[in-house]
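Me: I would like to learn how to read a few features of a protein structure. Please show it to me and take my questions in turn.

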Amino acid sequence: MKTVLTIAGSDCSGGAGIQADIKTIAAQHMYAMSVITALTAQNTTGVSGVQEISPDFVAKQLDCIFTDIPPDSVKIGMLSGEGTIRAVAAKLRQYGAKNVVVDPVMVSTSGTSLLSEAGRRALWEELLPLSTLVTPNLPEAQVFSGQPVETRPSFSSRISRRGTSFSSF
């Protein structure tokens, strides 16, 4: 059975984050493992609170996974801070993680910023180079490209001009 590690926040309502990832992974008949990066108090009407897990504890969770049941692939969602992003990237490098999918949860679909500038920089410099596939929403694609993005080809073109060698967009 294929193994998939999801690294993300926990959504107590079950509609997003770790809970949604585990449901999706199980529906594909794969074994789901998880590293929780943040706890959220949320429901279908909104988020009322976020409690970030320390980068050190996120790193310990990753050590436990990779030293026992190394994942065949890794899906990354909400990483709420620069320290967490750097810790996750370091562990992915340490263990040679493969098939890494990054959903850069940094801008909501309504345009609300969910990640600091330092966090965005860490995402760009540390995590994206390790990824096989990146799945930004339109506002996130615009943050990466630095300009409005109307289509996928315009996003890919602008990303290439910023000096990245990513071909998976």
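Me: Is Asp21 buried, partly exposed or exposed?

Reply: Buried means under 20% relative accessible area, exposed over 50%, and partly exposed in between (1.4 Å probe, protein chains only). Asp21 has 13% relative accessibility, so Asp21 counts as buried. Keep in mind that this is a predicted model, where local features need pLDDT of at least 70 and side-chain atom pairs count only at pLDDT 80 or more, while totals for chains, interfaces and linings use all residues. Residues are numbered from 1 along each chain as its sequence is written, and side-chain values use heavy atoms, with hydrogens and water left out.

Me: How many salt bridges does a search of the whole structure find?

Reply: A salt bridge is a side-chain nitrogen of Lys or Arg within 4 Å of a carboxyl oxygen of Asp or Glu. The search finds 7 salt bridges.

Me: Which side chain meets Asp21 in a salt bridge?

Reply: That of Lys75, at 3.2 Å from N to O. Helices (H or I, at least four residues) and strands (E, at least two) are DSSP runs, numbered from the N terminus. Asp21 lies in helix H1 (residues 17–27) and Lys75 in strand E4 (residues 73–76), so the pair ties together parts that are 54 residues apart in sequence. Lys75 is partly exposed, at 22% relative accessibility.

Me: Which side chain forms a salt bridge with Glu126?

Reply: The side chain of Arg86, at 3.0 Å, N to O. Glu126 belongs to helix H4 and Arg86 to helix H3, so this pair ties together parts that are 40 residues apart in sequence. Salt bridges with shared partners join Glu82, Arg86, Arg93, Glu125 and Glu126 into one network. Within it, Glu125 and Arg86 meet at 3.9 Å, N to O. Arg86 is partly exposed, with a relative accessible area of 28%.

Me: Which residues form a nonpolar patch on the surface?

Reply: Patches are made of residues with over 30% relative accessible area and no salt bridge; like charges are joined within 9 Å, and nonpolar side chains (Val, Leu, Ile, Met, Phe, Trp, Tyr) within 5 Å. Accessible areas come from the Shrake-Rupley method with a 1.4 Å probe, and for residues only the protein chains shown count as cover. Here the patch is Met1, Tyr31 and Ile69, with about 330 Å² of accessible area together. Tyr31 is found in strand E2 (residues 31–43).
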